[in-house]
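Please look over the sequence and the model first.

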Amino acid sequence: MCSSDLSPFDLMLRSLALVLPLVSGLRVPVSRRDVLTRTAAIGAASCAPLLPVSAKSAPDYAGAKSALQELITKDENIGPTMVRLAWHSSGTYDKMSKTGGNGGGTIRFKEELAHGGNAGLDKMVAKLEPIHAKFPDVSYADLYVLAGATAIEAAGVKVPFKAGRVDAMDPSAVTPDGRLPDASKGNDPQKTAAALRKDVFYRMGFNDQEIVVLSGAHSLGRCHPDASGYSGPWSPTPTMLNNYYFNLLLSLPWTIKEWDGPMQFEDPSGKLMMLPSDLVLIQDKAFRPYVKQYAKDNALFIKDFTAAYTKLTELGTKGLKLVEL
């Protein structure tokens, strides 16, 4: 006799599978040796261990991060665009309808890339496609957020990364255009401030303090005429995340730039720029005190930015797990 974890019912099924051809109705000739051989096979089958079902391999987030770091090492200016991709992938969330956010990775679809606020991001999506192909168990949604976190780390700040997003399979999950911030609303500061609050950030569940601190991401990168239409960096250190953006807003005289593009502001050197939505942060009485706080205290800015950015990248998701990388 031998021990087995098989139930009597399972043993019966295995026996039938082996003995069925012996049934006289099938007209198979049977010898005494056949019977003995098949009976021995039944006994062996009942004792054979059940092979474990192979589990799906865990997503290689560390490998994907390494590949992202390699891209940034080759071109440090790509990092800020990774942050923009993660930001815009997340910034479509609506707390009332519970739609949008980066839970489905929908920014990879041409329908969402065509939105006005996403101009130029199709190039970044294409650059990340080989990494997704190499690490297919990492969802697009997780990859875009990981890209932002990796770029922010390269810029000097470590932000938490949580994973577990499940990609939407088709563009039906793409939200309507108009949910991302506008640089200007008819060059009217009051309308621009109202749009930032009601049309964008309040819709996602952010308050005035979070609006200001998230705007600090403009310390990274620059605007490109062939994408947003605007031109130039906000800061002389566009690959470092710090409170320099807020200091510049308060300390420099910003005048309207004379050029053929949309209205933007420039510093006396003409090398730096600010958008109308940036100037609103010091023009609006509720926003301005937060600008002053962050201009004075870089550590406070980093702490509050980390909290608000993490909240942003988790909008519209559930069941995420922290991944230590």
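## Basis

This is a predicted model, in which local features need pLDDT of at least 70 and side-chain atom pairs count only at pLDDT 80 or more, while totals for chains, interfaces and linings use all residues. Residues are numbered from 1 along each chain as its sequence is written, and side-chain values use heavy atoms, with hydrogens and water left out.

H132 belongs to helix 6, which spans residues 121-134; helices (H or I, at least four residues) and strands (E, at least two) are DSSP runs, numbered from the N terminus. H132 counts as buried because its relative accessibility is 12%. Buried means under 20% relative accessible area, exposed over 50%, and partly exposed in between, with a 1.4 Å probe and protein chains only.

Leaving out residues up to four places away in sequence, H132 touches V138, S139, Y140 and L143, where contact means heavy atoms within 4.5 Å. The H132 side chain reaches the backbone oxygen of V138 at 3.3 Å, and a polar contact of 3.4 Å joins the side chains of H132 and Y140. A polar contact is a pair of N or O atoms within 3.5 Å; within protein, one must be able to donate a hydrogen and the other to accept it, and residues adjacent in sequence count only if both atoms are side-chain atoms.

D304, in helix 13 (residues 298-313), is also counted as buried, because its relative accessibility is 16%. With residues up to four places away in sequence not counted, D304 touches Q209, V213 and Y294.

## Nonpolar core

The largest nonpolar core has 77 residues, and M82, L128 and F201 are among those with the most contacts inside it. Helix 7 (residues 140-154) gives the largest share of this core, nine residues. Such a core is a set of buried Ala, Val, Leu, Ile, Met, Phe, Trp, Tyr and Cys residues joined through side-chain atoms within 4.5 Å.

## Pockets

The largest pocket holds about 1300 Å³ of space. Its lining has 46 residues, with R84, H88, R222, C223 and W234 nearest the centre. Helix 4 supplies the largest share of that lining, seven residues. A pocket is an open set of points on a 1 Å grid over the protein atoms alone, where a 1.4 Å probe fits, with protein on both sides within 12 Å along at least five of seven lines; lining residues have an atom within 4 Å of a point. Grid points are joined across faces, edges and corners, and a volume is the space filled by probe spheres set on the points.

The second largest pocket has a volume of about 160 Å³. Among the 13 residues lining the second largest pocket, G103, G104, V166, G316 and T317 are the closest to its centre.
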